[in-house]
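Dear colleague,

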Amino acid sequence: MIEPTKIKFSKRRKYLSISISINGEIIVKAPIWFTEGEIYQYLEKNKNWIQKKLRLVESEREKIIKHTFTEGEEFLFLGKKFRLKFVEPDFCYIDVNNLITLKEDRLIVNEIAKRSIAKIIKDFYKRKALEILEERVKYYLNEYETIFKENLTYNKIQIKENSKVLGSCSRKGNLNFSWRIIQAPLDVIDYLVVHEITHLKHRNHKIFFWSTVARLKPFYKSDIEWLRNNWLAINQFLRD
Ligand SMILES: [Zn+2]
């Protein structure tokens, strides 16, 4: 028998829905008039789908890396793996203000930053995310102008601290991105940028939206595939 983790009744809800959280919880949302017996019956009827989803979540969860910040540990940046390396405080090629840098296949951190390493790495990723996303947005707005002979404008680019979505475009024209996306290959980041700037023109996911995305980024389907396979691990990075 399938046991729901949580059942939420709501007056406004018209249909029953089941969802599986990233922690493998089975969440049922039900209209107020449903009885528990009916809910259990519904779960039983959808047993195969639920079990398939649970297995999927489980295999996704296996990809999540719990960082312990030991020397040699791997960190993903622009789709490449970098190994953590601590260096002596007087080591010359790290900027003292930054305390952290990428060099060859290393993520090099000054030893004096060891105590606040999670924060140092997070801040570094956020800085880089803003830098790279600003540059890519500019690039694709130019591309858009060249292809469609139209100028798109946005309000501002915001790097979101704890967002579960990797990107969004608000009604005010703010382009929001999770800093965690900077772990993805540049192609995937570009797809996300293209997706969000296209929303400045098309505020939906209908045919004109997708044909615009395809003009700007022809092979975007493999980027979506990458996101589908990696979003959970990306999204859980350095989350407490
Ligand atoms: Zn969208």
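**Helix packing and sheet arrangement**

In this predicted model, helix α3 crosses helix α4 in a right-handed manner. The helices comprise residues 117-148 (α3) and 186-198 (α4), and their axes lie 10 Å apart at an angle of about 60°. An angle between 35 and 65 degrees counts as oblique, and α3 and α4 are therefore oblique to each other.

On the α3 side, the contact is formed by I132, L133, R136, V137, Y140, L141 and Y144. Helix α4 contributes I189, D190, V193, V194 and I197. Sorted by class, the residues in this contact are 10 nonpolar and 2 charged, with no polar ones.

I also examined a sheet. Strands of a sheet pair through backbone hydrogen bonds, in either a parallel or an antiparallel sense. Here, 4 strands make up an open sheet with mixed pairing, and their order is β4-β5-β7-β6. Strands β4 (74-77) and β6 (100-103) are the edge strands, each pairing on one side only. On average, neighbouring strands of this sheet are turned by 35° against each other when direction is ignored.

Within the sheet, strand β5 (residues 80-87) pairs with strand β7 (residues 106-110) in the parallel sense, over 5 bridges.

With kind regards

Conventions:
Residues are numbered from 1 along each chain as its sequence is written. This is a predicted model: local features need pLDDT of at least 70, side-chain atom pairs count only at pLDDT 80 or more; totals for chains, interfaces and linings use all residues. Axes are lines fitted to C-alpha atoms, for helices over the stretch in contact, and angles run from 0 to 180 degrees between N-to-C directions. Helices (H or I, at least four residues) and strands (E, at least two) are DSSP runs, numbered from the N terminus. Angles under 35 degrees count as roughly parallel, over 145 as roughly antiparallel, 65 to 115 as roughly perpendicular and the rest as oblique. A crossing is left-handed if the near helix is turned anticlockwise from the far one by less than a right angle, and right-handed if clockwise. Two residues are in contact if their C-beta atoms, placed from the backbone, lie within 7 Å. Ala, Val, Leu, Ile, Met, Phe, Trp, Tyr, Cys and Pro count as nonpolar, Asp, Glu, Lys and Arg as charged, and the others, Gly among them, as polar. Two strands pair if DSSP finds at least two bridges between them.
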